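Okay, thanks everyone for coming. Let me put the structure up, and then we'll talk about greasy surface and aromatic rings.

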Amino acid sequence: MEANKQTTYQTINPETKEEAFSWKSFNKFFIPSFIGILLFLVPIPFQGKVTIGVGILAESVQGFFADQIPLFMTILVTLSALGALAVKMVQPAWVERSPLLKNLFDVSIFWTGVRMIGAAFAIMTMMQLGPEFIWSEITGGTVLYSLVPVLTTWFLFAALLMPFLMSFGLMDFIGTLLRKVMQPVFKLPGRSAIDATASWMGAGPVGVLITTQQYEQGYYTKREASVIATNFSIASIAFSLVVITFIGLEQYFVPFYLVVTVAVFMAAIIVPRIPPLSRKKDEYDEIAGKQIEEYVPTGKSSFRSGLDKAMEQAEKVPSYKNVLYKGFANVLDIWLGLIPVVMGLGTLALVLAEFTPVFVWLSYPLVPVLEWMQLPEASEAAPALIVGFADMFLPAVVGSGIESELTRFVIAGISITQLIYMSEIGVLILKSKIPLSIGEMFVIFLQRTIVTLPIIVLFAHLLF
């Protein structure tokens with residue numbers, strides 16, 4: 001009898017030509033997936049802004065341990081660097097015998113070097129040692145005291161709880177339902193809608209984390225992962241409100257976010273259809289291989305087909321203990337593998353932005369374009385449109401002193417729609433297996449600027 005219970009959803013109903021299913025299989029899909037939806041996709045008002053369940057957990061822990069997190073992560077970043085260096089020099093057998101430790105510390109010479117730089121910058125910033133341009137509050141201080149605590153707490157809960165969103169069939173269900181929309185419009189599988197929604201409601205890095213794991217598990221091709229990471233990891237509503245408030249235009253938030261949404265939508269259609277993204281191969285990760293088929297069999301509705309696939313995926317989950325172990329391993333991988341890279345490369349990006357004229361030089365060709373678009377204070381605005389490649393918040397900082405409300409509105413909008421910034425999203429992509437280089441990301445960053453700038457400027461002229 002028990003065996004029959006387990007397989008009832010595989011039998012065919014001759015009247016509907018659709019498969020029956022067991023409530024046990026349905027509940028194994030529905031209950032964890034519903035929890036995942038509540039945690040990642042449902043907007044919740046919290047402390048005067050809109051966020052998601054994971055965001056409430058993260059921000060609560062961040063607020064409670066605000067003074068301790070920088071020191072805690074400095075210690076972890078240092079241990080990460082020393083552990084990687086020790087494995088490279090000694091290659092202890094106990095690390096080789098543990099898949100978890102091997103994944104955490106057995107990294108390439110390049111990434112070992114980046115971890116060492118990150119550890120050095122963290123210690124210098126914490127102790128205020130060495131050149132001030134490394135540890136000042138606008139470079140290393142910004143990364144260690146502002147960015148790292150956010151990433152530490154967000155990824156603690158996102159990585160730990162993400163299996164509820166990804167492992168129990170919700171991605172398969174949504175993917176089947178939305179394939180007819182996502183495929184023709186964006187040339188992407190339906191499940192990519194989950195990435196965008198999680199970013200929109202929570203934080204861009206959460207969307208990149210979902211994309212990275214989906215690619216490395218064989219659910220996205222190289223092209224799909226590259227497109228989703230650079231076009232669908234949109235800034236959250238909460239961060240957009242922070243930017244528009246900082247730049248002094250919070251009374252225009254509703255039209256501002258509507259304009260940003262239109263611009264992001266257009267960029268997501270256009271940018272993936274041109275190089276370098278259009279040249280990425282539709283091949284799956286060599287190790288994981290292809291793990292998914294998004295199609296609706298003949299004789300089935302999209303809803304029923306998606307439900308069957310979701311239940312089939314849920315049945316593959318061995319146990320909740322296994323899911324939590326994978327979540328805990330993800331947290332350690334991010335804390336020991338990603339945070340040191342953010343500390344190292346993020347600080348270097350901010351040093352370039354704040355203490356060198358690199359981004360000013362790069363912005364020179366934009367000045368006549370902005371003047372042609374009749375943007376006031378064009379020469380002051382141009383660097384703000386380029387400096388976002390280093391960090392998403394820098395354009396608002398650079399543009400806050402500009403008098404023209406129209407120009408400040410454009411700068412705030414562009415800073416949201418550019419999406420790719422090295423202090424966070426760029427580092428996440430580089431650390432992953434997604435096949436994108438720094439050069440390619442900079443090209444995509446420029447393409448997104450070129451596509452979204454006219455849209456935002458047009459709406460700004462209509463508004464002001």
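So, helix H16 (253-270) and helix H25 (438-463) each give at least two residues to the nonpolar patch; helices here are DSSP runs of H or I, at least four residues, numbered from the N terminus. This is a predicted model, where local features need pLDDT of at least 70, side-chain atom pairs count only at pLDDT 80 or more, and totals for chains, interfaces and linings use all residues. Residues are numbered from 1 along each chain as its sequence is written, and side-chain values use heavy atoms, with hydrogens and water left out.

The patch covers about 690 Å², and Val262, Phe265, Met266, Ile270, Ile274, Leu458, Phe459 and Leu462 make it. Patch members have over 30% relative accessible area (Shrake-Rupley, 1.4 Å probe) and no salt bridge, meaning a Lys or Arg side-chain nitrogen within 4 Å of an Asp or Glu carboxyl oxygen; nonpolar side chains are joined within 5 Å. H16 brings the largest share, four residues.

Now, is Phe265 buried, exposed or partly exposed? Partly exposed, because its relative accessibility is 42%; buried is under 20%, exposed over 50%, partly exposed in between.

Phe265 also pairs with Phe186: ring centres 5.6 Å apart, planes at 80°, so edge-to-face. Pairs need centres within 6.5 Å; planes under 30 degrees apart are stacked, over 60 edge-to-face, the rest tilted. Phe186 sits in helix H11 (residues 170-186) and Phe265 in H16, so this pair ties together parts 79 residues apart in sequence. Phe186, at 7%, counts as buried.

Overall there are 20 aromatic pairs.

Key. Patch = residues over 30% accessible without salt bridge, like charges linked within 9 Å, V, L, I, M, F, W, Y side chains within 5 Å. Phe/Tyr/Trp six-rings, centres within 6.5 Å; stacked < 30°, edge-to-face > 60°. Buried < 20%, exposed > 50% of the residue type's maximum accessible area, 1.4 Å probe, protein only.
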